Amino acid sequence: MKADPRGVLTGTHFLDGDHACCEGALAAGARFAAGYPITPSTEVVERFAARVPTVGGCFIQMEDELAASIALQGGVWGGAKAFTVTSGPGFSLMMEHIGYAAMTETPCVFVDVQRGGPSTGLPTLPAQADMMQARWGSHGDYEVIALCPNSPQECFDLTIKAFNFAEEYRVPVMFMMDEVVGHMTEKVVIPPANEIEVVPRKHTKKSVEDYLPYGTNGDMVPEMAHAGEGYNFHVTGLTHDEKGYPNMTPSVQDKLVRRLQNKIRLAEDRICLFEEDRLDDAEVVVVSYGITSRVAQRAIDAARNRGLKVGKLRLITAWPFPEKKIKELAANVKAFVVPELNLGQMVREVARAADGKAKTYAVSHAGGGVHNPDEILNAIVEASRC
Amino acid sequence: MAKGRVSIVVERCKACGFCVEFCPTHVLALSSAFNSKGYHPPHVVHPEKCSGCDLCGMYCPDFAIYGTKVKEEKAAQAVGGRK
């Protein structure tokens, strides 16, 4: 399906990442957002609140993040595509409802413009320290998809992708921006609506009598019906059977929770997105994401100029983690260098996937700025000597 | 034969009708009686159909209705509506 032209601001713009994310959401068909605005994510909903009434939707400023993160799910079950926007402290508060979205299979998008933490931390300065929280923050076993844009253009393009993934797999999708990407202003090209692919909601065609809200036919993702259409069923965070009725037995739990995991895990090859460059002859691979990938680019270019065989792997989806790709590379390279604006998060995943077949070097940074490219270059030099 | 029964706390009800709408076996209807706040609480019109699933209880915003399972030997009495 193509995008609704009303939401698409076709043209060449000079936008910051937050505004580009908002335009991406509108292009993807989002017509409802609930939020409790927080720096550095405020501009997303500020623009959305101004723009969405012109295309037939609304924004509600809620009393807190708990309310925002559950109001958006009410919007989704009412038939809208919806999202919320936050930063670290708010993201922590939203965790309960991210688990609820995973359990009830509510397709929605949570945008986290990361800032320095823990707690209030550095409200106006960048970090990438919520990466593990995005994956593991809520309790219980579940899977999510997380995307990491590294430019305002990608904030637009990948927001559309985030909504499409949410609809296709019925999961909460984490959109992991950072303060620098959110606040940097660059050229953003918004294509015509008929060039934007949008995944429509997987709405049931079954009759009220035949419809099972959590019944699946092989592909593990159930069909949806909306409130008010006569499909009366119960949406609950309790372990539920195919009818949506609470059934708290080990066998139903096993079936449900395994399906919630497998619908993402078994689709890993279709979901995982990454960008690779000069990996053919590489002995050292720099694995990075978000703003750090752009700093790393300079270090990689400098290392190549010195004759070091270094390649780039940029994670566009952090979750599911491209484990197969890392395993495949680990068999052929000496080491991975992982710069990130935290004290070591995704580097653990790289090391786990490399499984001792290649060394792993973390280039950590506590946040508040970006790396000096020389720090990454030094790590590349050290790794290539190993 | 009914496998469950419904208990209604009429004074808590504000007659939203969720229980009537969502009951899978259509046991309930809003009555013409009033509670002291002037609302029409639900009443049981098909007691024999109640499965005791308690979906009414899960939906009720005011904790005004409860579905309970009844044991086989008591089921006959439940149909009769005796308490």
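The centres of domain 1 and domain 2 of chain A, taken over C-alpha atoms, lie 27 Å apart. Domain 1 spans 5–195 and domain 2 spans 276–385; these bounds come from an automatic or database domain assignment. This is a predicted model, in which local features need pLDDT of at least 70, side-chain atom pairs count only at pLDDT 80 or more, and totals for chains, interfaces and linings use all residues. Residues are numbered from 1 along each chain as its sequence is written, and chains are lettered from A in the order in which they are written.

- Domain 1 of chain A gives 22 residues to the contact, and domain 2 of chain A gives 21 (contact: C-beta atoms, placed from the backbone, within 7 Å).
- On the domain 1 side, α5(A) supplies the largest share, four residues (helices are DSSP runs of H or I, at least four residues; strands are runs of E, at least two; both are numbered from the N terminus).
- Other elements giving two or more residues to that side include β6 (122–126) and β8 (172–178) of chain A.

**Nonpolar cores**
- The largest nonpolar core has 114 residues (a set of buried Ala, Val, Leu, Ile, Met, Phe, Trp, Tyr and Cys residues joined through C-beta atoms within 7 Å; buried means 20 or more other C-beta atoms within 10 Å of a residue's own, C-beta atoms being placed from the backbone).
- Helix α6 (residues 152–169) of chain A gives the most to this core, nine residues.
- Both domains of chain A contribute, with at least three residues from each.
- I145(A) is among the residues with the most contacts inside this core; its partners include F165(A), V173(A) and W319(A).
- Apart from this core lies another, of 16 residues, among them I8(B) and C50(B).

Methods: Two residues are in contact if their C-beta atoms, placed from the backbone, lie within 7 Å. A residue is buried if 20 or more other C-beta atoms lie within 10 Å of its own, exposed if 12 or fewer, and partly exposed in between; C-beta atoms are placed from the backbone. Lists of a residue's contacts leave out its neighbours within four places in sequence.
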